[in-house]
Amino acid sequence: MRQRARRGEPWAHDTRRRDPLPALRYVPDKRSRSVALLLALPLALGIAVTPRRQAQGGVVAPPLSFERFVLPNGLEVILHEDHRTPIVAVNVWYHVGSKDEPEGKNGFAHLFEHVMFQGSKHVGEDMFFKYLERAGASDRNGTTNSDRTNYFETVPSNELALALWLESDRMGFLLDHANDETFKSQRDVVKNERRQNYENAPYGLVGQFVHEALYPSGHPYRRLTIGTPQDLDAASFEDVKKFFRTYYLPNNATLVVAGDFDPKKARELVTAYFAPLSRGKDPKPKKTPMPVALDHEKRLKIEAEVELPRVIVTWPTPPQYAPGDGELDLLADVLASGKTSRLYKRLVYDLQIAQDVSAYQSSAMLASQFEVAVTLKKG
């Protein structure tokens, strides 16, 4: 990390640093409120990366038992028993994210996160959540990122059949219910979400500037998962149906059932609800890692109507599960997890120049990024 020689000076590049790689940095202007961003070359941290082992230093990882099988239609199923509490969690993971969107269709994967809750052939409009609420579900939602979209619910053990029925019906029969009106209403919801969480939120569009500076043109991670209003407005319902038929298939999904259940009964229910669904043509997702390497430091300064300036430093890092990825998760905790962590103690307590500090390794299938963000105090 760079250090400041005297309090009150803006962050500046130290020509004496020994790092062999350049960085992208945002430097705040003392005369205005702004967000400073820096993109750095691959992180040079002096960490020795060793192959992962099941046991190191006498510590053995606790076993995690599960049963895995694949239905004839290609659906991967994972069952994990845990009888400590009378609940069961169901998670359907579709192997499609914003990286798989065609050019000009940015936002489709996230749009489906919304459309999938509106109803299917045997589940009426807006009834998905109502069925779960009546059953006492403790958690139900969906998430989307660059690599996948998942849907999950946690229900009492005796309601496992309900959760599996709901998930199977929208996997196999969503388009029997969804129509142009459904698509347009959810498109407006997504556009409003973008306005609320990105365009009108403090520092909300910083991620867009980081991605555009870090990833080259044509890289699937250059686009934000939320999508753009232009692409969403230009989309037709036929485009949406094509996207669904390409990726929302049993052979492009993983179903996980974890919790308090009888494995024989769970297997029977999964087979009954999901086996009849038709297999589709296997999609061709971008699975080849596309790591990024900067050959120089990039600095951006973003003017924003925010109360406090923020400095963000980002490095391109190894893809998910590649050597170094797990070690960077650990490093992030050491640097900024908790008030006694290295950066928090140094910047917030000792120098008293920062309001808060965070660090994390954003792991992804094709490439990852390590980020440190510091919100400065006034002045």
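## Close-up views of a predicted model

**View 1. Elements around the largest pocket.** In this predicted model, α5 (206-214), β12 (310-317), β13 (354-362) and β14 (368-376) each give at least two residues to the lining of the largest pocket. Helices (H or I, at least four residues) and strands (E, at least two) are DSSP runs, numbered from the N terminus. α5 supplies the largest share of that lining, 5 residues. A pocket here is an open set of points on a 1 Å grid over the protein atoms alone, where a 1.4 Å probe fits, with protein on both sides within 12 Å along at least five of seven lines; lining residues have an atom within 4 Å of a point.

**View 2. Centre and lining of the largest pocket.** The largest pocket holds about 620 Å³ of space. Its lining counts 29 residues, and H211, L224, Y360, S362 and Q369 are the closest to the centre. The volume is the space filled by probe spheres set on the grid points, which are joined across faces, edges and corners. By class, the lining has 12 nonpolar, 13 polar and 4 charged residues. Ala, Val, Leu, Ile, Met, Phe, Trp, Tyr, Cys and Pro count as nonpolar; Asp, Glu, Lys and Arg as charged; the others, Gly among them, as polar.

View 3. N251 sits in the loop between α7 (237-247) and β10 (253-259). Its relative accessible area is 14%, so N251 is buried (under 20%, 1.4 Å probe, protein chains only). The N251 side chain reaches the backbone nitrogen of G280 at 3.0 Å. With the side chain of D282, the side chain of N251 makes a polar contact at 2.6 Å (a pair of N or O atoms within 3.5 Å, one able to donate a hydrogen and the other to accept it; residues adjacent in sequence count only if both atoms are side-chain atoms). Beyond four places in sequence, the contacts of N251 (heavy atoms within 4.5 Å) include N73, G74, L75 and R279.

**View 4. T182 in helix α4.** Helix α4 (residues 180-199) contains T182. T182 is buried, at 6% relative accessibility.

**Note on all views.** Residues are numbered from 1 along each chain as its sequence is written, and side-chain values use heavy atoms, without hydrogens and water.

Definitions and conventions
Predicted model: local features only at pLDDT ≥ 70, side-chain atom pairs only at ≥ 80, totals over all residues. Buried < 20%, exposed > 50% of the residue type's maximum accessible area, 1.4 Å probe, protein only.
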